[in-house]
Amino acid sequence: MTINADAQELAALRSLSASIGRDPHLTQAAGGNTSLKAGDTLWIKASGTWLKDALAEDIMVPVAIPPLIRAVEQRDPAADQPQGFAVEALNARKLRPSIETTVHALMPQRVVLHVHCVDTISLALQADCEAQVAKRLDGLEWAYVPYRRPGLPLAQGIAERLRPGVDVLILANHGLVVAAETVAGAEALLRRVTRFLARPPRKVAEPNLVALTALIGRSGYRLPADVEAHAVAIDPESCRMASGGSLYPDHVIFLGQGSVVARPGEDVMRVTERCGTAPVAILFPGLGVLMRGDASAGANAMQRCLADVTARVDVAAKLNYLTAAENDELINWDAEQYRQKLNAAGN
């Protein structure tokens, strides 16, 4: 493509990115990322930025593709630091490329969309994910990738599963990747796949705001930003799933490991005393959710995501939770600590 055509496609990608970022069923907070390959340069969303801001801010970072691909093929730890491959002359804001840069570089198509679609995640948590997806995506070229930490390990996991023609990836405990040669093609494929994977949430009662307000006391906690976030505590099945541990990476990054569920008779102060710390969020079964007063916008978005995801999971399904080692790996990873810093700053 010509330089002018690349510029047009990048403009189209920014518009699509903003649209995706405004849909909480497709991505939340700083999660998800999009990219465009222009020659040997990969333009990808910056770490810690929000897709919804793609038109209002310059959030795309240029990365040199050939040396990054070589690093991935050689299993070079440098590939886990994509900022080392940024084209600084074109990176005016000195932003870090997304932690998923290796995933985008590895896909052969020019346009790659990675979203944390709640319908996809709800399937990707289930032990029978492959069988369930196979029924829904029959006729498409897709691949299932077992859970790996985002970054180089995930890229290596994808490389092991890629086949010629594959343009859809289901990432266990993580999300969805679609790829095409044009932005329009990628958008059409995204809409098609998410339509095939869609399933209705369980219906729940309204939150008990009076009871929740009484539980706050002088704790400094507050109601979540989105009323939809309460559903995970109101629906018994969703609450059970959430209480089992961490379900996907961004939950760990924005909310901490697992979910804290109040016991009968506990208010906020008693929960924090029992935990020895003040959780970012507390689930009060049958009533709703309370958020710590300093919870960031990202944390609020992820609390709603938890409700949206668990409401769609089959109640009889066996779930795959992140292990203690996988939780620790995320929390202590430099790239995620950087995202946490940006998340706290943005509040």
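K94 is exposed, with a relative accessible area of 55% (buried means under 20% relative accessible area, exposed over 50% and partly exposed in between, for a 1.4 Å probe and protein chains only). This is a predicted model, in which local features need pLDDT of at least 70 and side-chain atom pairs count only at pLDDT 80 or more, while totals for chains, interfaces and linings use all residues. Residues are numbered from 1 along each chain as its sequence is written, and side-chain values use heavy atoms, with hydrogens and water left out.

**View A. The salt bridge of K94 and E88.** The closest N and O atoms of this pair are 3.7 Å apart. A salt bridge is a side-chain nitrogen of Lys or Arg within 4 Å of a carboxyl oxygen of Asp or Glu. E88 is partly exposed, at 39% relative accessibility.

**View B. The salt bridge of E141 and R163.** The N to O distance is 3.5 Å. The pair links distant parts of the chain, 22 residues apart: E141 is in the loop between α5 (129–136) and β5 (142–145), and R163 is in the loop between α6 (152–161) and β6 (168–171). Helices (H or I, at least four residues) and strands (E, at least two) are DSSP runs, numbered from the N terminus. E141 is partly exposed at 40% relative accessibility, and R163 is partly exposed at 40%.

**View C. The salt bridge of D314 and R199.** Their closest N and O atoms are 2.9 Å apart. D314 is partly exposed at 31% relative accessibility, whereas R199 is buried, with a relative accessible area of 10%.

**View D. A network of salt bridges.** D80, R149 and E329 are linked in this network.
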